[in-house]
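Hi there,

Here is the structure I promised to pass along. Have a look, and my notes follow just below it.

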Amino acid sequence: MRFDNFRYRLTLLKWAKFQVKKILIIIFFPIFKHRLKNKDKIHLGCGDKIFEDFLNIDLWINGNILNSNFVPYDFSLDIPIDDGSVKFVYSCHTFEHIEAYEVTRVVAELYRILKPGGKVRLILPDLDSVLARYDCNPS
């Protein structure tokens, strides 16, 4: 019982730290907003992998804050980029970490920011298992 209580507290603490970080990013986002200009390739959920020709967006900062191609932002809220302004979106092993209720909104945002003929490349560990996790109407 003690271990379960400890695990619960640890999980609660991690969740609280995560929420504080999201709030701080929302507050300080205007400082980084100028970095969104003139980028037609987006790397969502970049972690510590910064691509030079891309606008790299991630909730986790990992020391990337000084890189002019990085913007700290929670893209599950929205993607703060103009409609039809991006020709390519890349995301590797990120979508399996997005909550089920947020996936539809994020995909809709991807289509909103894409130029006509634009492409999205999502790399997932196992697409069938991820889709099954979000399937609201199993057959």
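Below is what I found, from the whole chain down to a single residue.

First, some ground rules: this is a predicted model, in which local features need pLDDT of at least 70 and side-chain atom pairs count only at pLDDT 80 or more, while totals for chains, interfaces and linings use all residues. Residues are numbered from 1 along each chain as its sequence is written, and side-chain values use heavy atoms, leaving out hydrogens and water.

The protein chain has three helices and five strands (DSSP runs: H or I of at least four residues for helices, E of at least two for strands). Read from the N terminus, the order is α-β-β-β-β-α-β-α. Of the 139 residues, 33% are buried (under 20% relative accessible area; exposed is over 50%, partly exposed in between, with a 1.4 Å probe and protein chains only). Taking contacts (heavy atoms within 4.5 Å) between residues at least 6 apart in sequence, 65% join residues at least 24 apart.

Asparagine 69 may interest you. It sits in the loop between strand S2 (55-58) and strand S3 (70-72), and it is buried, with a relative accessible area of 6%. Its side chain reaches the backbone oxygen of glutamate 52 at 2.9 Å. Leaving aside residues up to four places away in sequence, asparagine 69 touches Lys39, Phe51, Glu52, Phe54, Leu55 and Asn56.

As for cysteines, cysteine 46 is buried at 5% relative accessibility, and cysteine 92 is partly exposed at 29%. The disulfide count is zero (a disulfide being a pair of cysteine sulfur atoms within 2.5 Å).

Best wishes

Terms used:
A polar contact is a pair of N or O atoms within 3.5 Å; within protein, one must be able to donate a hydrogen and the other to accept it, and residues adjacent in sequence count only if both atoms are side-chain atoms.
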